[in-house]
Amino acid sequence: HAKMEGRNHYVYYRTTMNDRVGQELALEQGLFEALKSDELEVFYQLQVDVETAEPYGVEALVRWNHPKHGVMAPGVFLPIAEEMGILAHIDEWVLNQACSQGKKWHDVGRQLVVSVNVSKAFFKQPDFIKRVEKALMLSNLEPEYLCLEITENTAALQVDDIREKLRILKGVGVHVSLDDFGTGYSSLSQLSLFPIDTLKIDQSFVRGEPSQTKNAIVRLIIGMAKTLDVSVICEGVETEEQLQLLKDEGCKHAQGYYFSKPVPSAQCEALMRV
Ligand code: C2E
Ligand code: MG
Ligand code: MG
Ligand code: MG
């Protein structure tokens, strides 16, 4: 049974298997409609400079304003979109929205880097690069201010294909970061294979109860990033204490509820004090 929540709250499902099939079907139909009827919305979460706490960038995170269930989190509907074969389509829509929004903020004096999540389904499209270039062209956003976040999932594609696409993106001037870093088996081997600009430390190493082990992992990743001369951002920062660790270790950028949750563009703009 779906729990109804207001804006900014997620919908949780506690269901039996049979319910789930029915609900998935209903969601599938709804998702088709959502694409046509403006129910998807891009939320933005601030990314800040650890030293100055000044906004540095935003991550674009998609939401579905479901007519019955309220705001739905991507973890609920993106897997369904993937099964339906429309995930790449949604990613491209988010990319276009985020580039336009980024450009608007630039025009009012906020030179933020806009990060957009790219699924494996989108990245593997033969015309992926063309679609990124098109989003840049339509929005007029300078490529240096776009960062594409890929995950290990994507890195499991054909090595040559990924390298070629990353090489072209680099030529275009777009940045690429490796999201959820440290959670997959092949993280380290990917680093040597692909030209990545930024490592994004997964929130599981930062959030929640502090522990020696988590701190050690954070230190290790930051140290490694320095050695490899890639930049590093940490997600899931919720407390002052966690932020202090990042300061002590020289992590440049951070993102997390301590600074802000993902919010609609107007609210995010208020946070930037434009
Ligand atoms: P992600 O890319 O790793 O994004 C970070 C997630 O962590 C976001 O969840 C964000 O709300 C959450 N988060 C950030 N800071 C904190 C914190 O301090 N505490 C806690 N508890 N959580 C924090 P969200 O928005 O639910 O997104 C979940 C995932 O869905 C994303 O993880 C990303 O993998 C995927 N996603 C979101 N939007 C898109 C999209 O447009 N396209 C694709 N392909 N995937 C997307
Ligand atoms: Mg991300
Ligand atoms: Mg992440
Ligand atoms: Mg994640």
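In this predicted model, the largest pocket is lined by 35 residues. Those nearest the centre of this pocket are Glu59, Leu61, Pro74, Asn117 and Asp179. Two or more residues of the lining are contributed by each of the elements β2, α2, α3, α4 (120-123) and β6. The volume of the largest pocket is about 970 Å³. Sorted by class, the lining consists of 14 nonpolar, 10 polar and 11 charged residues.

The largest pocket is the space taken by ligand 1. A shell of 24 residues surrounds this ligand, and the closest of them are Asp91, Asp179, Gln203, Glu238 and Tyr257. Asp179 is also among the residues that lie nearest the centre of the pocket. The elements that supply two or more residues to the shell are β2 (55-66), α2 (74-84), α3 (87-107) and β6 (175-181). Strand β2 provides the largest share, with four residues. The shell is made up of nine nonpolar, six polar and nine charged residues.

Polar contacts between the protein and ligand 1 involve both backbone and side-chain atoms. A backbone N or O atom of Tyr257 is placed 2.8 Å from an oxygen atom of the ligand. A polar atom in the side chain of Glu235 lies 3.4 Å from an oxygen atom of ligand 1. In the case of Arg207, an N or O atom of the side chain is found 3.3 Å from a nitrogen atom of ligand 1. On its own, ligand 1 has 800 Å² of accessible area, of which the protein covers 85%.

Definitions and conventions. Residues numbered from 1 in each chain as written. Chains lettered and ligands numbered in written order. Predicted model: local features only at pLDDT ≥ 70, side-chain atom pairs only at ≥ 80, totals over all residues. Heavy atoms only, no water. Near = heavy atom within 4 Å. Polar contact = N/O pair within 3.5 Å; in protein donor to acceptor, adjacent residues only side chain to side chain. Areas by Shrake-Rupley, 256 points an atom, 1.4 Å probe, with all protein chains shown as cover. 1 Å grid on protein atoms, 1.4 Å probe; cavity = no way out; pocket = protein on both sides within 12 Å on 5 of 7 lines; lining within 4 Å. Sits in = over half its atoms within 2 Å of the grid points. Nonpolar A, V, L, I, M, F, W, Y, C, P; charged D, E, K, R; others polar. Points joined across faces, edges and corners; volume = space filled by probe spheres on them.
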